[in-house]
Amino acid sequence: MKLSSRLYKCYGYCGKSYPKSEMIVYSPTGKGEGKRYCLSCYQRKIKEVKDREELYNYIKKTYNINFPTGNMLRQIKSFVRERGYTYKNIRLTLDYIFRIKKAAKPEAKYGIALVPYYYDEMLTYYKNLQEKRKHTVIKKPNIVHVKMKPFTQENIYRNNKLINMERLLDTK
């Protein structure tokens, strides 16, 4: 008789139930008990957390602030839940607006309100860039080895410019 055949719910994206041996515990602080995830949902959760931290760090660096403002956090949450944007794509859109397109300057009072207006444009830009990279052929440089003679200091011009001091002292 088995002692435990209990199934645990995955708190990730699949919502299925698995035995405890197939579950991985994720705790955002790394301490204590967290939620259990199946392997695929766990990997997706780790990637999502990493992308969110990269977005926050990009916003901090670009806007020169300590942490994204409440308005920015609300906008990010809204874009992810309502529009289905990913954290990585939001970061790439901000990078596209400020660095590549140079359409605006980052101002904290407006937050990241420009993201929906440039999101589709950013997607096509990166898709085209990826296509260009696929079709770009990098040629190996043609290396030519040149042999040079060792430098000699003796030549007629140098000999003409040299003054023989001993000959000057000879008074014969």
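**Helix contacts and pockets**

Student: Asn89, Ile90, Leu92, Thr93, Leu94, Asp95, Tyr96, Ile97 and Ile100 in H3 meet which residues in H4?

Tutor: This is a predicted model, where local features need pLDDT of at least 70, side-chain atom pairs count only at pLDDT 80 or more, and totals for chains, interfaces and linings use all residues. Residues are numbered from 1 along each chain as its sequence is written, and side-chain values use heavy atoms, leaving out hydrogens and water. Helices are DSSP runs (H or I, at least four residues), numbered from the N terminus, and contact means heavy atoms within 4.5 Å. On the H4 side you'll find Val115, Tyr118, Tyr119, Glu121, Met122, Leu123, Tyr125 and Tyr126.

Student: What does their packing angle make H3 relative to H4?

Tutor: H3 and H4 (residues 115-135) have axes 9 Å apart and pack at about 90° (axes are lines fitted to C-alpha atoms over the stretch in contact, with angles from 0 to 180 degrees between N-to-C directions). Angles of 65 to 115 degrees count as roughly perpendicular, under 35 as roughly parallel, over 145 as roughly antiparallel and the rest as oblique. That makes H3, relative to H4, roughly perpendicular.

Student: And what does the crossing angle make H1 relative to H2?

Tutor: The axes of H1 and H2 come within 12 Å and cross at roughly 140°. That makes H1, relative to H2, oblique.

Student: How many nonpolar residues are in the contact of H1 with H2?

Tutor: H1 brings Leu55, Tyr56, Ile59 and Tyr63, while H2 brings Met72, Leu73 and Ile76. Ala, Val, Leu, Ile, Met, Phe, Trp, Tyr, Cys and Pro count as nonpolar, Asp, Glu, Lys and Arg as charged, and the others, Gly among them, as polar. No polar and no charged residues turn up here, and the nonpolar count is 7.

Student: What's the volume of the largest pocket?

Tutor: A pocket is an open set of points on a 1 Å grid over the protein atoms alone, where a 1.4 Å probe fits, with protein on both sides within 12 Å along at least five of seven lines; lining residues have an atom within 4 Å of a point. Points are joined across faces, edges and corners, and volume is the space filled by probe spheres set on them. For the largest pocket that comes to about 230 Å³.

Student: Which helix gives the largest share of its lining?

Tutor: The lining of the largest pocket includes Arg44, Lys47, Glu48 and Asp51. By class it has 4 nonpolar, 1 polar and 5 charged residues. The largest share, 4 residues, comes from H1.

Technical notes: Helix = DSSP H or I, 4+ residues; strand = E, 2+ residues; numbered from the N terminus.
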